[in-house]
Amino acid sequence: MEIELRGITKRFGEVVANSDVNLTIRPGEVLGLLGENGAGKSTLMNVLSGLYEPTEGTILIDGKPTIFQGPGEAIEAGIGMVHQHFMLVPVFTVAENVILGVEPTGRADFLDLETARQQVREINETYGLEVDPDELVENLPVGIQQRVEIIKVLFRSADVLIFDEPTAVLTPQEVTDFFQIVTALRDAGKALVFITHKLQEILEISDRIAVLRAGKIVGEGDPKQLTEAELAEMMVGRPVSFDVVKQPFAPGETLLDVSHLTVLRENDEIAVEDISLKVRKGEIVGIAGVQGNGQSALVQALTGLTRIAAGTIELMGTDITHLSARQRHKMGMAHIPEDRHRSGMIANFTVAENMVLDTYYDDRFSKGLTMRWKQVNEISAQNVSDFDVRTTSVFEMAGHLSGGNQQKMVVAREMAREITLLIAAQPTRGLDVGSIEYIHSRIIDARDSGDGVLIISSELDEILSLSDRILVMFKGRVVAEFGEGGKPAEKNAIGLAMAGATQ
Amino acid sequence: MSNTPATPTPSPSPSASEKLLQRAAPDRVEFEDLVIVPIFAVIVALVLGALTMLATNVSLPTIGLSYIALIQGSVGSLNALSETLTAAAPLILAGLGIALGFRAGLFNIGAEGQLLIGGMASVIVGFSLPDLPMIIHLPLALLAGALAGGLYAAIAGWLRAATGAHEVISTIMLNLIAFRLVDYLLRLPIIQKTGRADPISKSVLDSAELPRLLEWIDPNLRVHAGIILVLAAVFLVHWILFKSTIGFEFRASGENPDAARYAGMRSGLIIVLVMAFAGALAGLAGANQVLGVLDRVTPGFSAGIGFNAIAVALLGRSHPVGVLLAGLLFGALEAGGRQMQVSAGVSIDLIAIIQALIIVFIAAPLLVRKLFPWGFQRTDKSSRSKTP
Amino acid sequence: MTMTADTPSTTATRIKTGKLRQARITGGILIALAALVALVFGAGSSGDAVFRLSRASDPIVVPNLIVPATAFNYIAAAALAFLGARQFLRGGVRWTSLSLGFGLALAVAAFLVWATAGKSFSLTGMLQATVIRAVPIALGGLAGVLSERVAVVNIAIEGMLLAGAFAGALFGSLLGGMSGVIAAVAIGGLFGLILAALVVTYRVDQIIAGVVINLFVLGVTSYVSSQVYQEYRQLNNAPVFRPIKIPFLADIPVIGPVLFQQNIFVYGALVMVAVATYYLFYTRSGLRARAVGENPKAADTLGINVYRTRYINVIMAGMVAGFGGAWFTLGSVGRFDEGMTGGRGYIGLAAMIVGRWHPVGALMAALVFGFADSLQQKLALLQTPIPSEFLAMTPYIATMILVAGLIGRARAPAADGKAYIKE
C-alpha cells in the first residue's frame with residue numbers, strides 16, 4: 001500500500017502547523033521524518049492517522065483520494081500509529097489492550113479473550129516479539145509496552161506503521177531490539193515512518209529521509225549520502241555547532257556531598273539505593289540514565305521534596321538531610337524541575353507571579369504577610385528582559401507563552417538570584433534548538449562563575465556536551481562514573497552502562 | 001541567598017521594560033464570561049421559572065403578580081431591603097469560605113455541616129454565660145461559632161492533607177454527621193430548652209445577640225449587625241487572596257499543587273488552613289443566623305444555606321466582591337420569594353429552582369453561548385484552541 | 001510531607017515500613033475492640049441473649065438462638081485480642097484485611113449480644129430490614145460505579161434518587177405501580193442525560209454539575225409537592241409493591257425471609273448488580289467503557305467514541321438510580337415527601353468507594369450500611385444506653401476512615417473526574 005500526502009496544510013486558528021507538505025510512503029521502506037521539536041511532525045502524522053482533519057490538501061491511498069473522519073477510519077484503511085506517549089490502559093492486560101476497539105466477541109457481546117490471546121501469540125511468533133498476553137500492562141517495562149503498541153497496530157492488520165519518537169524512552173539496548181523489529185517489519189513488506197529529532201538514529205534505520213522545518217518539507221535525501229551536520233543544518237535552518245565553549249575545568253571546594261542516600265517510592269519500592277556523590281564549585285556533574293531509573297526520586301530527595309529512607313545530604317558543610325525544600329532554597333539551592341507544566345510553573349498565573357513562585361516570601365517581594373506587587377512586577381520585568389523571555393508583558397498568563405519561553409521563565413526564576421548550587425532536571429526537554437542553546441549557555445555561565453551544577457537528563461548528548469563528570473544511574477544506583485577520576489567519557493561505554501551492563 | 005540589591009538595577013532600555021509592565025485591556029471573552037453570561041443566566045432562569053409555574057397550572061396573571069411580588073419583596077421597601085440583607089448575610093459568609101476553597105482547589109461541600117456546628121457552638125456560648133457585658137459576650141459567641149466551624153472543617157482538611165482522602169466525600173460525610181450530632185446535642189438536658197420534649201435549644205441571652213440596626217425606625221426591621229461582619233469578611237478575604245503571601249500560596253496550590261510544593265510551599269498545611277478558614281466563615285454564618293435571626297437552634301436550622309452558598313460562590317466566580325453581589329442576589333430571591341408565597345400563593349420552592357438554573361448557566365458558559373449566539377462576539381472556535 | 005526526624009536506619013527495615021504500619025494500625029484497632037468488648041460488653045451484660053430466627057407461622061420453625069451473653073463476649077474479646085496481637089507482632093501482611101473484617105464482624109456480634117442480653121430480638125427480621133434498607137444505597141452505588149467507570153463523577157445520584165422517587169409516586173398514582181417504575185427509570189435516565197450533556201458536551205465541572213442537579217431536583221420536587229400536592233392529594237397516593245414469595249426458596253429458614261420474600265426492588269437490585277458485573281467485565285461494551293474511564297485518549301485513537309460511551313453509561317447510571325428512587329415511594333410508603341431520600345445518594349457514593357468501584361463491592365458495602373441503618377432502628381426497641389444518633393453516624397465515620405485509606409486504599413478509574421477534550 002502506497003500513501004501520498006499532497007499539499008497538506010493544517011492550521012490551528014492562526015497558527016500554521018503544516019504548510020503544503022508533499023510526502024510519499026512506500027511499502028518495504030523506512031521513511032525517516034526528521035525535525036526539531038515544534039516543527040510539525042506530530043501534527044502531520046496525526047493528520048495521516050485520522051486524528052486531525054487537514055485544512056487543505058489530500059491523502060491518496062494507492063492513488064485514491066481518501067478523507068478520514070476519525071482514527072477509526074484510518075485504522076481500517078491500514079494505517080497504524082505508535083504514539084510517543086503510549087496509548088495503553090495500564091490496568092488492562094496485554095490482550096485486552098490489543099483488542100480494544102476491534103474485539104472478537106461471542107454471543108451477548110461476550111468478550112472472546114481466548115481468541116485474542118491466541119492471535120497475540122501468533123503475532124508474537126511472526127515477528128519475534130515475545131510478549132505475555134495475560135500480563136498487566138502497568139507491570140511491563142517501557143520497551144515491552146512499546147511492543148504491545150506494535151502488536152496493537154499489527155492486530156488491526158496495518159500496512160503502514162508510524163512511529164512517533166519511538167526511542168525517546170528506550171535504553172540503548174532496547175533501541176537495538178526495536179530496530180530489529182523495525183527491520184523485520186520492513187522485510188515483511190510493511191511501510192514504516194520513523195519520526196525523530198535524533199540525527200544518528202535516523203541515519204541508521206531509514207531508507208529515505210525527509211526533513212520538516214516550521215511545518216514545511218525542506219529537504220529529502222538518501223541517508224547514505226547525508227552527514228549528521230548536513231541534516232542538522234537542514235533541520236534548524238542554520239549551521240549548528242554542538243560544541244559548547246567552557247572555561248577550563250577548575251573545580252573548587254565541595255558544595256554538595258551526598259552519602260549513602262536511599263529513597264523509597266510511595267509503594268515502598270526502592271527508588272534510589274545507596275547513592276553517594278559530590279558536586280564541587282565550578283563543575284557540572286551530569287547524571288545520565290534512561291528515564292525511570294530513580295533520577296526523579298534523587299532530585300526530589302536532594303531538593304527536599306521527598307522523605308529519605310537513609311543517608312545524609314550536606315550543602316556547603318551543613319547537614320541539610322532534614323531541612324525542608326524552602327530551607328534548602330534559602331541556602332542557595334536552585335531547582336529547575338523536570339516537568340515545567342506539572343511542577344515548574346503555573347499556567348494560570350501571570351509571568352510575574354511565576355517569577356516569584358518560590359521567592360515571594362523574600363523581603364524584596366513581601367513585607368510581613370503583605371505582597372509587594374510593585375516590586376514583584378518590576379523585578380519580573382527585569383528578569384524577563386535579562387533572560388530573553390518573549391512575552392508581551394509580565395501580566396501575560398504563563399500558559400500563553402511558547403514552551404521555550406516558559407522554560408526560560410523557569411530558568412530566570414531559579415537563576416536570577418544568588419545561588420550556589422543548581423539542580424537542573426531535563427532542562428531542555430521538548431524545546432527548540434534556539435532555546436536549548438540559550439539555556440545551555442546560561443548553565444555554562446553559572447558553572448564558569450563558580451556555581452556547582454547537577455544536571456539530570458535522559459538525553460545523552462546533552463549530558464556529554466555539558467558535563468565535566470558523568471554518573472550513570474541504573475535501577476536506582478550509580479553504576480558507573482566517567483570523566484575526571486573515572487573512565488573517559490565515551491558515548492558507547494556510557495550507553496552500555498545506561499543499559500545496566502556490568503563492568 | 002537573597003543578596004541581590006533591594007532596588008532593581010536600571011534597565012538598559014526603559015521603554016521595553018515599561019511595556020512589559022503594561023496590563024493588557026480585559027479580553028472581550030473574559031468580559032462576556034464575567035458580565036454577560038451571569039445576566040443571561042438570571043434572565044433565562046426567571047423565564048424558565050415562569051414556564052415551571054405555567055406547567056403547574058398557575059395562571060398567567062398570577063405569574064405576573066408573583067414576579068412583581070418577587071421584586072417588591074426584595075427591593076420594594078425598606079422592610080424588603082432589610083429582609084434581603086438578612087437573608088444574604090449568611091449566604092455571603094459561607095459563600096466566601098467556599099470561594100476561598102475554590103481558589104485553593106478545594107471543593108468544600110461541607111459548609112452546611114460547618115454552619116450547623118458553628119451555630120451550635122455559638123448558641124451554647126450565647127446562653128450559658130450570664131452576666132457578661134455584650135462587648136465581651138457577643139464577640140465570644142461569634143468566635144465560638146467561627147472556631148467550631150473551622151475546627152470541624154479542618155478535619156476534612158487534615159484527612160486530605162495526611163491521607164489524600166478527597167474532601168468532597170469527607171465533607172459530605174461530615175455534613176451527615178453534623179446533622180446527627182446536632183440532633184443528639186439538642187436532647188441533652190444542659191442544652192435543651194427547659195420543659196420541652198422536642199429538640200430545641202435554650203435561647204440566646206440578650207448580651208450575645210447581634211443588635212438590630214434599624215430598630216429605631218421600625219422594630220420589625222430584622223437587619224442586624226451581622227452585615228457589618230459580612231463586609232469585614234469580604235475585605236478580609238479579598239486581602240488574603242490577592243494582597244497577602246498566604247493568599248498567594250492558597251492560589252498557587254489551587255492552580256497547581258505540584259508546582260506549589262516544588263516552590264517550597266507546605267501543601268498539607270495550606271490545605272488544612274484553607275479548610276479551617278472556610279469552615280470558620282461557614283461557622284460564622286451559622287453564628288450569624290442564631291445570634292442575629294433565630295435566637296436558638298433547632299434541627300436543620302441551617303436550611304440549606306450551606307448548599308446555596310456553593311451556588312453563591314460559583315455565581316460570584318470565587319471573587320470576594322462577586323460573592324458579595326451574588327449573595328445579595330440570592331438573598332433578594334429568598335426575601336422576594338417569601339413575599340411571592342404570601343401575595344401570589346406560589347410556593348417559595350420555586351426560588352430553589354431558579355437558583356439552581358442560574359448556576360447551571362453560570363457553570364456552563366458554553367451552553368449559554370450556544371443558546372444565545374447573538375449575545376456574544378463571534379469567536380472562531382479553532383482560534384481559541386492552542387496548537388498541540 | 002514534612003521532614004520529621006527520621007534517624008537513618010538500614011534500608012531493609014524501612015522497606016517493610018508501609019505494610020507494617022498498616023498491620024500495626026489494624027492490630028491496634030483490633031486490640032482496642034477487644035478491650036471495648038471485654039470491658040463494656042462483657043462486663044456489662046448478664047443473662048442470655050435470645051435471637052429469634054423464625055416466626056411461629058413459618059412453614060419450618062427453627063428454635064431460637066440462645067447465647068449466654070457474658071461468656072460469649074469474653075470469648076469474643078479473647079478472639080479479638082488474639083487477632084490483634086497477631087497482627088501487631090507478626091505483621092501478618094497477607095491477612096490484614098481479612099482479620100479486620102472478621103474482627104469487626106465479631107465486635108458487632110458482641111455488641112448485639114450485649115444489647116440483647118436478658119431480652120429477645122428477631123435476628124431474621126433485622127436481616128430482612130437490612131436487605132430492604134440496602135436497596136436504594138446499593139442502586140445508588142451501582143449508578144456511581146456505572147458512571148465513574150467512564151470517568152464521570154456522579155454527585156447527582158442523590159438528585160436522581162429523589163427524581164425517581166417523585167416520578168414513581170406521581171405516575172404510580174396516575175397509572176399504577178408498574179408505570180410508576182417505568183417513569184422513575186425514565187426520569188432517572190433523563191437526569192443522566194442532563195448530567196452527561198453538562199459534563200461531556202459543555203464541560204461543566206463534574207462536581208458542580210452534580211451539586212446543581214441535586215439542588216434543582218430538590219427545588220422542583222419540593223415546589224410541585226407544596227404547590228400541587230397540597231391541593232390534589234390523589235396525585236400523591238401510589239400503590240406499594242408487596243413482597244413476592246418465591247416458591248420453596250422462601251420457606252428456607254432465615255435465608256428465605258431475608259432474600260426470597262422481598263418486593264421487586266430487592267430482586268431488581270440483585271439482578272442489576274449481576275447484569276452490571278457481566279456488562280463491565282465480560283463484554284465488549286464494558287471493556288470499552290472501562291477503557292474510556294482509564295485512558296480516554298487511548299480509546300479515542302482506537303476509534304472508540306469517548307463522548308458517546310460516556311453519555312450511554314451516565315444515562316444508564318441515571319436509570320439505575322431512578323429505579324432506586326422509586327423504592328422510596330413505590331417500595332415503601334407510596335407517597336412522596338420533600339427531600340425524602342435524606343442523603344442516601346451520598347451514602348451510595350460512599351458504598352461505591354468502599355466497594356472499590358465494583359458492582360458487587362458496592363452491593364456488599366450497601367448491605368453493611370443497611371445493616372447499620374436497621375440496627376439503629378431495632379436498637380430503639382431494645383433500649384440500649386447508646387444514643388441512636390451515634391449509631392446512625394457510624395457508617396459515615398467508617399466511610400471517612402475507609403476513604404482516608406487507613407485500611408488499604410482502592411484505586412479510582414484513572415481519568416475519573418476529568419473532562420475529555422477532543423482535539
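The model is predicted.

**Helix H9 of chain B**

- Nine of the 11 residues of H9(B) are buried, so the helix is largely enclosed by the rest of the structure.
- The buried residues of H9(B) are B:Thr245, B:Gly247, B:Phe248, B:Glu249, B:Phe250, B:Arg251, B:Ala252, B:Ser253 and B:Gly254.

**Interface of chain B with chain A**

- Contacts between these chains involve 35 residues of chain B and 46 residues of chain A.
- On the chain B side, two or more residues come from each of helix H1 (14-20), helix H9 (245-255), helix H10 (257-262) and helix H16 (381-384).
- H9(B) supplies the largest share of this side, five residues.
- By class, the side of chain B that touches chain A holds 14 nonpolar, 14 polar and seven charged residues.

**Interface of chain B with chain C**

- Here 39 residues of chain B are in contact with 38 residues of chain C.
- Helix H6 (134-163), helix H7 (167-185), helix H12 (305-315), helix H14 (349-363) and helix H15 (365-371) of chain B each give two or more residues to the side that touches chain C.
- The most residues on that side, 11, come from H7(B).
- The side of chain B that touches chain C comprises 29 nonpolar, seven polar and three charged residues.

**Largest nonpolar core**

- In soluble globular proteins, nonpolar side chains tend to be buried together.
- The largest nonpolar core has 432 residues, and A:Val472 and C:Ala138 touch the most other members.
- Helix H11 (residues 267-294) of chain B gives the most to this core, contributing 17 residues.
- Beyond its neighbours within four places in sequence, C:Ala138 is in contact with C:Ala269, C:Val273, C:Ala351, C:Ala362, C:Leu363 and C:Ala366.
- A:Val472 has A:Ala480, in strand E22 of chain A, as its bridge partner.

**Hairpin and domains of chain A**

- Strand E21 (residues 469-474) and strand E22 (residues 477-483) of chain A pair in the antiparallel sense over six bridges.
- Two residues lie between the strands of this hairpin, in which A:Lys475 takes a positive phi near 50°.
- Chain A is divided into domain 1 (3-236), domain 2 (254-332 + 418-498) and domain 3 (350-409).
- A distance of 26 Å separates the C-alpha centres of domain 2 and domain 3 of chain A.
- Eight residues of domain 2 of chain A are in contact with six residues of domain 3 of chain A.
- Helix H15 (residues 433-448) of chain A provides the largest share, four residues, of the side of domain 2 that touches domain 3.
- That side of domain 2 of chain A divides into three nonpolar, four polar and one charged residue.

**Sheet of chain C**

- Three strands of chain C form an open sheet with mixed pairing, in the order E2-E1-E3.
- Strand E2 (65-68) and strand E3 (120-122) of chain C are the edge strands, each pairing on one side only.
- From one strand to the next, the twist averages 20°.
- Strand E1 (residues 48-52) of chain C pairs with E2(C) in the antiparallel sense over four bridges, and C:Val67 in E2(C) is the bridge partner of C:Ala49.
- Helix H5 (residues 123-148) of chain C packs on the sheet and touches E1, E2 and E3 of chain C.
- The direction of H5(C) makes about 35° with that of E3(C).

**Loop residue C:Thr384**

- C:Thr384 is found in the loop between helix H15 (359-382) and helix H16 (388-403) of chain C.
- C:Thr384 is partly exposed because 14 other C-beta atoms lie within 10 Å, a count between the limits of 12 or fewer for exposed and 20 or more for buried.
- Although C:Thr384 and C:Trp114 are 270 residues apart along the chain, their C-alpha atoms are separated by 9.1 Å.
- Leaving aside neighbours within four places in sequence, C:Thr384 is in contact with C:Ala115 and C:Leu379.

Notes: Residues are numbered from 1 along each chain as its sequence is written. Chains are lettered from A and ligands numbered from 1 in the order in which they are written. This is a predicted model: local features need pLDDT of at least 70, side-chain atom pairs count only at pLDDT 80 or more; totals for chains, interfaces and linings use all residues. Two strands pair if DSSP finds at least two bridges between them. Axes are lines fitted to C-alpha atoms, for helices over the stretch in contact, and angles run from 0 to 180 degrees between N-to-C directions. Two residues are in contact if their C-beta atoms, placed from the backbone, lie within 7 Å. Domain bounds come from an automatic or database domain assignment. Ala, Val, Leu, Ile, Met, Phe, Trp, Tyr, Cys and Pro count as nonpolar, Asp, Glu, Lys and Arg as charged, and the others, Gly among them, as polar. A nonpolar core is a set of buried Ala, Val, Leu, Ile, Met, Phe, Trp, Tyr and Cys residues joined through C-beta atoms within 7 Å.
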